[in-house]
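This briefing concerns aromatic rings and the packing of helices. Please consult the sequence and the structure while reading the points below.

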Amino acid sequence: MLKKKRDLICIMHTEIFQYPAEIRAIHSKMIHEVYLVFASYLEELKKDGVLKKDLDSNYASLAYFGMLFNLFIKKELLRRKIDFKKALQTYIEIFYEGTRRIE
């Protein structure tokens, strides 16, 4: 999704200081639902005993997507050479190891 919206994301990042309220509204509309859906999914995993019971699903969702967005910015906007698949696997491992319930 980020790759498809690359041009819009570039515009948002350059315009945020000139039109902060408008940009925040667009960002909220585009991204907030994704965070909520993922946080809801994390809540289900908590109920199933897969994740830590005290995990804050909303902050965990923000953290996960923050990692992904940072990767997107480095690869797509800053044009850094990044092994996207390896980076993504590493992020998933970090996230999972930090959130899973250990018996």
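**Aromatic rings and helix packing**

One aromatic cluster is formed by Tyr-35, Phe-38, Tyr-41, Tyr-64, Phe-65 and Phe-95. The model is predicted. Across the whole structure, a search finds eight aromatic pairs.

**Two aromatic pairs**

- A pair of aromatic rings is described by the distance of the centres and the angle of the planes.
- Tyr-35 and Phe-65 make an edge-to-face pair, with 5.5 Å centre to centre and 70° between the planes.
- Tyr-35 belongs to helix H2 (residues 20-47) and Phe-65 to helix H3 (residues 57-77), so this pair ties together parts that are 30 residues apart in sequence.
- Phe-38 and Tyr-64 form a stacked pair, at 5.2 Å centre to centre and with 25° between the planes.
- This pair also links distant parts of the chain, since Phe-38 is in helix H2 and Tyr-64 is in helix H3, 26 residues apart.
- Phe-38 and Tyr-64 are both buried.

**Packing of H3 and H4**

- H3 packs with helix H4 (residues 84-99) at an angle of about 165°, and their axes are 11 Å apart.
- Angles over 145 degrees count as roughly antiparallel, and H3 and H4 are therefore roughly antiparallel to each other.
- The crossing of these two helices, H3 and H4, is right-handed.
- On the H3 side, the contact includes Tyr-64, Met-67 and Leu-68, while on the H4 side it includes Tyr-91, Ile-92 and Phe-95.
- The residues of the contact of H3 with H4 comprise 11 nonpolar, one polar and one charged.

Definitions and conventions:
Residues numbered from 1 in each chain as written. Predicted model: local features only at pLDDT ≥ 70, side-chain atom pairs only at ≥ 80, totals over all residues. Heavy atoms only, no water. Phe/Tyr/Trp six-rings, centres within 6.5 Å; stacked < 30°, edge-to-face > 60°. Helix = DSSP H or I, 4+ residues; strand = E, 2+ residues; numbered from the N terminus. Buried < 20%, exposed > 50% of the residue type's maximum accessible area, 1.4 Å probe, protein only. Axes fitted to C-alpha atoms, helices over the stretch in contact; angles between N-to-C directions. Parallel < 35°, antiparallel > 145°, perpendicular 65-115°, else oblique. Left-handed = near helix turned anticlockwise from the far one by under 90°. Contact = heavy atoms within 4.5 Å. Nonpolar A, V, L, I, M, F, W, Y, C, P; charged D, E, K, R; others polar.
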